[in-house]
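These are my notebook entries on one structure. I set down what I looked up, entry by entry.

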Amino acid sequence: MNWDWEWTREFSVELFTTGLKVTAQITVFGAIVAFIFGLLLALLRRSKILWVSTAARWFIQFVRSTPLLVQLFFLFYVLPTIPPNIKLSALTAGILGLGVHYACYTAEVYRAGIDGVPPGQFEAATALNLPQVRTWTSVILPQALRRSLPALGNVLVAIFKESPQLSIITVLDVIGTAQELGSERFRYLEPLTVAGLFFLVLAIPASIMIRRLERRLEY
Amino acid sequence: MATINPCSGDLPGTFGDAMPFICDGAVVTAQVTLGGAALAIVLAAVAGLASTSHAWLVRAVARVYMEFFRGASVLVQLFWIFYAMPAITGYRLSPIFAGVLTLGLNLGAYGSEVVRGAIQAVPVPQREAGIALNFSTYQRMRRIILPQAFVAMVPPGTSLLIELLKATSLVSAISVADMTYQANVTVSSIGNQFTIFGIVMVIYFLMAQVITMVMRVVERRAATMVGRETPKRRPPQMAWTDPAPTSAGGGGKS
Amino acid sequence: MNPAESAGPDTQWMIRFDKVVKRYGDLTVLDELDFHVRPRERVTLIGPSGSGKTTILRLLMTLERITSGTIEVGGEYLSHTRRGDKLVPADEKHLRRVRKRIGMVFQQFNLFPNMNVLRNITEAPVRALGRPRAEAEAKARELLDMVGLGEKALEHPTRLSGGQQQRVAIARALAMEPEILLLDEVTSALDPELVAGVQDLLRDIASRGELTILCVTHEMQFAQDISDRVLMFDKGQIVEDGPPEKIFTEPEEQRTRDFLQAILKA
């Protein structure tokens, strides 16, 4: 085995410009979808209307126990075939799929955060005669979000790490680009190793930092 | 009334065309899940125990394994092992072996965190009582700590097994003929994307339910062993939707 | 008053502390502590919390490491072995040999929740001493009868009351046939109505005079009943040492008087 350094230098440019840009896009927009839609799901789950909370719970369960990859196929290949025949680009379908998948994880994170707010807080808000919406926006959610922070960080890292699954529906992220580069020469060692290290180098320190944060928030 | 074989090619329409293939794929998915789970459990036990060792070198090796395999997703590791590693080792692994190996290594790393956390959650006085009764270090672990820690491993372990099941779909990317692969093949020949991907998702969902149910029995058994009563009936939600205090059980694989 | 001769193991004493220091970081819990206990002597350690009483028991049980000094048990170094002229920390094999002589009952019972009552008692004799299971079970049943829980053998420990759990824990410690029994505030986690049963049992065991007993307790009547010597501790040092009748009725030291008064008021 010998490592082709010249080629490595050459393709690294492409890997870390176009590929990296796509991976960053997926991570950022995927996380935005996951955080916002997840909050919506968490609130729907707490709805007093039975069918709403039941539907939310089943949706979360279903999405969490089926593979992201199949969900991506569904969004990318199925949506165009059924009315109203929405044709999404691979990147959009991927971001949406990744975001919705992890929204079902964030929903649980928020739920744990909300459950962690002491009941006295609700009672105090009622005693102060705060309207329901105000109670949630200025008393409950800020506390719940603070508690949820480390777990949300974990979800963000998970979205980043799982973003390569989009390469299977033809998105050219870091891994997709590496695959393509490899197939050009029928030699995958260099591009896949560099791409793999890229994920390790970012994800491992991020996880360690989140664990620190977790420990700090415990006290 | 005749029983209907859900895998029969005589079923009407798309079902008849697709189900025989999907069923073949489901068997492969189950096999890869079981193989990956077996390897993951062994690795989790070994690395989890090693990470509580007094010898720093043993601990460090376990730590490196855990961080390394949790640092990237199954797909990246799978691609590397299947496409890149042959350039180093000189031969290519069979796709199914590469799949089981990667899933085992990856989920085993998450699992060892569960094992470690559960061992550390056993109250210190239990260890001290073991010392006072003159058990050896090995006997303390085997007879006192592990049986108690096991109970705490089950709920986060269940979540990980479901993550493992889901991750098996990725082996389709290296052309293992699992359920996801078969779905793609069938779709490309007969179309009907909605029905076929829909059926496949439902089967994955049902498989996850089977895992949850089996693990709930394991959990109940384990809880009775340490004299804890578990509620016979839980609120109608899955065990893994209540994140365990360990981070491994919380926000999924992260 | 302790005729400590030249350094080195001495079989005249069951327990011997020689200049024992125990520190946790900056906090000195035991400060060059010397004391001796004769075989079959029953000693109660009293003193304000944080005075180091429990630490003494935990050091003897090898649950903590000594900072400096030496402890001997039955003429053997507890956690050191002699190598040439030097004392070096002992290995696990040595520790396990010395531990055979010592049993301990904890404040929180610490029964094993993954075993039934009988198993809690037999597991250590079978595994650690290599006794045949049948023999260990016969002995365990005998002990259970003695502690008045003969019919609870197959129960799960969590189904027992605190007092019953503690009596099982006592049986479990005795099953190992120790020469020394360490009692660490064994009744302070119990509901008041359950204290008497456990104390009666221990009085009975103590009165047989077979065991060397070291007991940490805040119950002065109990201390007086089971011990023939009381050590008053404060700040890691022995303040006063004497028979219970004397310490409890006419203590010499002001600190002992203050402590006893505070206890009686509570």
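Entry 1: which chains touch.
I count a contact where heavy atoms lie within 4.5 Å of each other. By that rule I found no contact joining chain A and chain C, and their closest C-alpha atoms lie 22 Å apart. I note here that the model is predicted.

Entry 2: chains A and B.
I looked up this interface next. Chain B contributes 47 residues to the contact and chain A contributes 45. About 4300 Å² is buried between chain B and chain A, with carbon and sulfur atoms giving 69% of that area. The rule finds one salt bridge across this interface. Glu67(B) forms a salt bridge with Arg211(A), and their closest N and O atoms are 3.0 Å apart.

Entry 3: chains B and C.
I then turned to the interface of chain C and chain B. Here 26 residues of chain C are in contact with 23 residues of chain B. The buried area is about 2100 Å², of which carbon and sulfur atoms give 54%. Which residues of chain C lose the most area to chain B? I found Phe112(C), Asn114(C) and Arg127(C), which together make up 27% of what that side buries. The rule finds two salt bridges across the interface of chain C and chain B. Glu128(B) forms a salt bridge with Arg58(C), with the closest N and O atoms 2.5 Å apart.

Entry 4: chain B by itself.
I recorded nine helices and zero strands in chain B. Of its 254 residues, 56% count as buried. Among contacts in chain B with a separation of 6 or more, 70% come from residues 24 or more positions apart.

I looked for where the nonpolar residues gather. In soluble globular proteins, nonpolar side chains tend to be buried together. The largest nonpolar core has 123 residues, and those with the most contacts inside it include Leu15(A), Tyr102(A), Phe199(A), Ile22(B) and Phe197(B). Another core, of 41 residues, lies apart from that one, and among its members are Phe17(C), Leu57(C), Leu59(C) and Val98(C). I followed up Phe199(A): leaving aside residues up to four places away in sequence, Phe199(A) touches residues of chain A including Phe160(A), Val174(A) and Ile204(A), and also Gly71(B), Ala72(B) and Val76(B).

Entry 5: the open sheet of chain C.
I traced four strands of chain C that form an open sheet in the order β2-β1-β4-β5, with antiparallel pairing. The edge strands are β2 (27-37) and β5 (76-77) of chain C, each pairing on one side only. Five bridges join β1 (residues 15-24) and β4 (residues 68-73) of chain C in the antiparallel sense. Asp18(C) stands opposite Thr70(C) in β4(C). Helix α1 (residues 53-60) of chain C lies across β1, β2 and β4 of chain C and runs at about 110° to β1(C).

Entry 6: strands β8 and β9 of chain C.
Strand β8 (residues 102-105) of chain C is joined to strand β9 (residues 180-184) of chain C by four bridges, and the two run parallel. Ile102(C) stands opposite Ile180(C) in β9(C). Which residues of β8 of chain C point one way, and which the other way? Ile102(C) and Met104(C) point one way, Gly103(C) and Val105(C) the other, and all are buried. In a regular strand the side chains alternate between the two faces of the sheet.

Methods
Residues are numbered from 1 along each chain as its sequence is written. Chains are lettered from A and ligands numbered from 1 in the order in which they are written. This is a predicted model: local features need pLDDT of at least 70, side-chain atom pairs count only at pLDDT 80 or more; totals for chains, interfaces and linings use all residues. Side-chain values use heavy atoms; hydrogens and water are left out. A nonpolar core is a set of buried Ala, Val, Leu, Ile, Met, Phe, Trp, Tyr and Cys residues joined through side-chain atoms within 4.5 Å. Buried means under 20% relative accessible area, exposed over 50%, partly exposed in between (1.4 Å probe, protein chains only). Two strands pair if DSSP finds at least two bridges between them. Axes are lines fitted to C-alpha atoms, for helices over the stretch in contact, and angles run from 0 to 180 degrees between N-to-C directions. Buried area is the accessible area (1.4 Å probe) that two parts lose on being put together, summed over both. A salt bridge is a side-chain nitrogen of Lys or Arg within 4 Å of a carboxyl oxygen of Asp or Glu.
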